[in-house]
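Me: Could you walk me through this model, one question at a time?

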Amino acid sequence: MKAVPGCIDALDTIRPSQLSGRSVLITGGGSGFGRQLAIMCATAGADVVIGDLNTKGLEGTIDLCRGLSGSCQAPSETSDVTVESSLRQLFAFAQATFGRPADVVVANAGITEVGRLSEDVALKNELGRYPKEPNLLTMNVNFSGVLLTAQLAEEAWKSEPSTEHNRQLVLLASMGGHSGIPGAPLYSASKHGLVGLWVAHCARLRALPEPTFSCHAICPFFSFTGILGRAVFLALAGLSVVQPETVASTVLHIVRDTSLNDGLGSMYCLPDHKEPLEFSTDYVGPLNHSFYQEITETIRQRQKVYDDPEYIQCRDDEILTAIGTNRADVPFIALLVSPSVARMAMKMQLLKQ
Ligand SMILES: NC(=O)c1ccc[n+]([C@@H]2O[C@H](COP(=O)([O-])OP(=O)(O)OC[C@H]3O[C@@H](n4cnc5c(N)ncnc54)[C@H](O)[C@@H]3O)[C@@H](O)[C@H]2O)c1
């Protein structure tokens with residue numbers, strides 16, 4: 001494991017020709033990380049195609065990319081990563097736009113936990129029997145949708161082989177792919193599945209005489225994007241969260257350097273807003289306990305310094321908007337959650353005075 005210093009780009013430091021000639025397809029490009037990545041790639045001169053379920057989100061991203069040195073386009077229909085025909089249309093659109101398959105495919109679309117798995121166990125199904133069937137939407141979008149995206153990428157790359165060694169598959173996993181998020185069992189399971197998919201892809205690529213693409217996994221801690229509900233905003237107060245720029249910069253780092261780890265791939269853990277930690281493909285082997293120990297210790301150490309004012313990244317205005325409240329009981333509710341939340345809640349009360 002190694003930290004990757006200098007990996008985080010600010011928009012104004014990206015050179016407009018850095019990625020000229022490269023093409024990138026991003027699922028879930030209408031919001032959050034996908035949008036930030038589209039903007040950064042287009043700023044660096046890449047041609048980008050985005051897909052999403054949300055038409056307004058797609059239009060917003062395209063508007064923000066206008067006038068940049070690269071381009072950003074989307075098909076006229078929305079793209080759903082859980083529907084094969086819909087996702088195929090996105091890949092066909094990208095191929096028609098770029099005149100070849102996309103060099104880089106970022107399987108980014110994802111949703112938060114849907115349903116209440118543990119409570120469903122105590123509920124009866126329509127036939128009056130226990131347990132009620134689990135709601136698998138989170139798995140369908142976050143795992144099956146990514147799997148389908150990865151398969152369509154490989155299919156497109158196989159149909160037009162290239163000798164340029166610049167094809168890259170990027171899976172948007174999560175730190176929830178290494179540990180359990182309380183209250184989000186299916187989300188955590190889906191992201192563990194993506195880390196597993198990355199490990200399996202790397203093992204397969206390593207066995208090939210000449211890998212045809214590299215595979216990367218990105219594992220961010222929480223970040224204030226459209227995916228988080230109000231309660232999570234509050235629960236995160238006082239902790240160092242990841243900025244969407246950090247996630248997008250990590251992907252840019254991958255896209256810029258196609259020879260990373262002998263062209264096989266790498267995994268990046270982003271435990272906070274600082275530089276990502278890079279893991280090579282041989283690091284995460286079967287029963288590699290040291291991986292879990294090391295990452296757990298690193299997160300503990302890095303989050304321990306959250307009292308450093310420079311480290312606190314929760315933006316008061318975002319929290320205030322998110323919980324949209326002037327309720328006087330917020331600090332008391334927060335005290336039940338954790339002292340750091342209480343501290344932030346007190347600060348919010350002061351801000352309002
Ligand atoms: N924000 C975080 O705290 C965080 C942390 C770790 C990992 N992630 C992961 O990052 C990825 C991007 O999430 P984000 O934080 O930018 O959230 P976001 O909600 O801002 O963006 C996700 C986008 O995916 C789209 N989407 C949802 N279902 C889709 C489907 N079936 N087909 C196509 N598009 C669909 C949404 O419309 C949305 O525009 C997700 O995979 C998420 O799990 C997020």
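Me: Which glycine follows α1, and what is its phi near?
Reply: This is a predicted model, where local features need pLDDT of at least 70, side-chain atom pairs count only at pLDDT 80 or more, and totals for chains, interfaces and linings use all residues. Residues are numbered from 1 along each chain as its sequence is written. Helices are DSSP runs of H or I of at least four residues, strands are runs of E of at least two, and both are numbered from the N terminus. After α1 comes glycine 45, with a positive phi near 95°.

Me: How many residues of α1 are buried?
Reply: A residue is buried if 20 or more other C-beta atoms, placed from the backbone, lie within 10 Å of its own. Helix α1 covers residues 32-43, and the buried ones include Phe33, Leu37 and Met40. The helix is largely enclosed by the rest of the structure, because the buried count is 12 of the 12 residues.

Me: Which elements give two or more residues to the shell around the ligand?
Reply: The ligand is surrounded by 31 residues, and Gly28, Ser31, Gly32, Gly110 and Gly226 are the closest. The elements giving two or more residues to this shell are α1 and α5 (137-159).

Me: In β5, what is the bridge partner of isoleucine 26?
Reply: Strands β2 (residues 23-27) and β5 run parallel, joined by three bridges; two strands pair if DSSP finds at least two bridges between them. Isoleucine 26 has as its bridge partner in β5 valine 106.

How values were computed: The expected span of a helix is 1.5 Å times one less than its number of residues. A residue is near a molecule or strand if its C-beta atom, placed from the backbone, lies within 6 Å of it.
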